[in-house]
Structures are given as C-alpha cells and as structure tokens.
Amino acid sequence: MERAEFWVPLTAGGIAGVCVDLILFPLDTIKTRLQSPQGFKKAGGFRGIYAGVPSAAVGSFPNAAAFFVTYEYVKYLLHTESSPYVTPVTHMVAASFGEVVACLIRVPSEVVKQRAQVSPSSSTFKVLSNTLYQEGIQGLYRGYKSTVLREIPFSLVQFPLWESLKDLWSWKQGHVVDSWQSAICGAFAGGFAAAVTTPLDVAKTRIMLAKAGSTSASGNVLSALHSVWRSQGLPGLFAGVVPRMTAISLGGFIFLGTYHKTRSLLL
C-alpha cells in the first residue's frame with residue numbers, strides 16, 4: 001500500500017466522519033434518549049439536543065479515519081483476481097477489522113457523548129471527569145465489547161451491500177458510479193443494516209448508561225438483551241429504530257457519499 005493510498009482514506013474518512021456526526025447529532029440524541037432506561041422525558045426529551053456534541057466532534061475524525069485506513073488496507077491485502085463471489089467476503093473481513101480498530105477511539109467518545117445526552121444539565125467535560133474519577137480509564141471503555149458486537153454485524157451487512165449496489169449500478173449504466181449515486185447506495189445499505197442491528201444498539205446503550213456496579217454495567221450483551229426483553233418485550237428491543245434508521249440512512253448518504261467524493265478528488 002503506497003503512501004498516497006494511506007493518506008487518502010485517512011483524510012477522506014475523517015472528513016466524512018465529522019460531516020455526518022455533526023449534521024445528524026440531534027437525531028442521535030433523540031435515539032439515545034428513547035433507548036435510555038430512565039425513559040425519553042426523564043433523559044431530557046427534546047431539551048439540550050446538542051448535549052455531548054464536543055465529544056462527538058473530537059472523536060469523529062480519528063474514528064472514521066481509523067476505520068477507512070484499516071478497511072482499505074485489509075481490502076488491499078486480501079485483493080484477488082479469483083471468483084467475484086469472494087469479493088463480498090473480502091469486504092466483510094475488511095469492515096470487521098476496521099470496526100475493531102475504530103472502536104478503540106469510538107467507544108470512549110461514545111460513552112461520554114451518551115452520558116451527556118441523557119444529562120443535558122451536565123457539560124461534556126464534567127461527564128468525562130466524573131467518569132474518570134468514579135471508574136477510571138476502564139469506565140471510558142464500558143461497552144467496548146457490546147459496541148464491537150453491534151458494529152461488526154452492522155458492517156457485515158452495510159459495506160458488502162454498499163459495494164454490491166455500486167457494482168450493480170455501474171454495470172447497468174456502463175461506467176463507474178458518481179458520488180451522488182454512491183451516496184444513494186450508502187443510504188439504502190445503512191438504513192437496512194440499522195434496522196436489523198437495532199437490538200444490539202439498544203443493548204450497547206443500556207450497558208453504557210448503566211450505573212457502575214450494576215448488572216448491566218458488566219457488559220454482558222445477552223444479559224442486557226434479556227433484561228430489555230423481560231421488561232419491555234419486542235418494542236423495547238427495537239426502541240429508537242425509526243430515528244436510528246433515519247439517522248443512519250441519511251448518515252450513509254452523507255458519510256459514504258462524502259468519502260467517495262473526497263477520495264476521488266484526492267486521487
């Protein structure tokens with residue numbers, strides 16, 4: 001992988017990440033409050049819709065950059081001229097590695113952001129300092145496993161679907177897709193992936209928002225899912241599915257479209 005092939009996904013991914021996270025932050029806040037164990041109104045309702053945005057702003061660029069650098073590098077390592085049936089598997093493996101690396105940056109940012117979203121009266125810095133004081137560094141990585149377990153299935157669906165839709169559209173029109181076409185493919189792939197992985201997102205949110213020392217704080221995804229199922233049933237497992245699908249469909253359009261456009265400009 002040449003130097004340019006490293007800097008291009010890093011820059012394009014970082015720019016795309018910042019754009020999507022800041023534009024869609026209000027929807028993410030609503031989704032988090034809907035999934036909160038204390039309920040939407042007690043978590044803040046529609047007040048302080050930008051609570052936690054500094055954490056998202058700081059984490060967006062390195063998080064998305066780390067994902068795309070890893071994604072493109074693993075695709076490069078696994079590239080083969082063999083059967084086209086192998087290509088989706090390559091994209092799945094690359095996306096999985098990308099998520100594991102990106103979550104090392106994403107999870108601390110996400111923990112602080114979500115806690116600030118359900119405590120709009122507390123500043124992001126106060127939430128960060130309280131987390132470090134009460135739980136130490138490991139508190140910032142609360143929910144790492146559940147986040148990875150959410151993101152890998154999500155990426156296993158989204159990225160092969162995005163790449164396949166782009167290839168199909170390119171084949172239909174006889175030339176490589178434009179950035180806006182890539183964005184539409186990203187919106188569809190993201191929305192579909194968001195819907196099927198919502199229960200894992202609910203579990204991740206409950207674990208991150210749980211009080212230190214509680215059962216949910218242990219990070220056991222199955223236990224968190226069982227607890228939600230027992231108390232709220234199927235609607236609880238799909239709490240926030242509409243804003244999540246809406247945000248991620250729009251996010252897929254902005255994120256993957258911006259990435260495609262920025263990458264084409266830099267190459």
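In this predicted model, helices α4 and α7 cross at roughly 140 degrees, and their axes come within 8 Å. Angles over 145 degrees count as roughly antiparallel, and α4 and α7 are therefore oblique to each other. The handedness of this crossing is right-handed, as α4 passes α7.

Each of these two helices also has another partner. For α4, which covers residues 87-117, a neighbour is α3, formed by residues 53-78. The axes of α3 and α4 lie 7 Å apart, and the packing angle is about 165 degrees. That angle makes α3 roughly antiparallel to α4. Viewed for its handedness, the crossing of α3 and α4 is right-handed.

The crossing in which α7 passes α9 is left-handed, whereas α4 passes α7 in a right-handed one.

A kink of about 40 degrees is found in α3 at Ser-60, shortly before the proline Pro-62. How does the end-to-end span of α3 compare with what 1.5 Å a residue would give? The 26 residues of α3 should span 38 Å, and the C-alpha atoms at its ends are 37 Å apart, which agrees.

Helix α3 also carries an aromatic pair. Across the whole structure, a search finds 14 aromatic pairs. Among them is the pair of Phe-68 and Tyr-71, with 6.3 Å from centre to centre and 80 degrees between the planes, an edge-to-face arrangement. Because Phe-68 and Tyr-71 are three residues apart in helix α3, about one helical turn separates them.

Helix α7, residues 144-173, can be treated in a similar way. At 1.5 Å a residue, its 30 residues should span 44 Å, and the end C-alpha atoms of α7 are 42 Å apart, which agrees. A kink is present in α7 as well, centred on Ser-155 and amounting to about 30 degrees.

Note on methods: Residues are numbered from 1 along each chain as its sequence is written. This is a predicted model: local features need pLDDT of at least 70, side-chain atom pairs count only at pLDDT 80 or more; totals for chains, interfaces and linings use all residues. Side-chain values use heavy atoms; hydrogens and water are left out. Axes are lines fitted to C-alpha atoms, for helices over the stretch in contact, and angles run from 0 to 180 degrees between N-to-C directions. Helices (H or I, at least four residues) and strands (E, at least two) are DSSP runs, numbered from the N terminus. Angles under 35 degrees count as roughly parallel, over 145 as roughly antiparallel, 65 to 115 as roughly perpendicular and the rest as oblique. A crossing is left-handed if the near helix is turned anticlockwise from the far one by less than a right angle, and right-handed if clockwise. The expected span of a helix is 1.5 Å times one less than its number of residues. The bend at a residue is the angle between axes fitted to the seven residues ending there and the seven starting there. Rings of Phe, Tyr and Trp (its six-membered ring) pair if their centres lie within 6.5 Å; planes under 30 degrees apart count as stacked, over 60 as edge-to-face and the rest as tilted.
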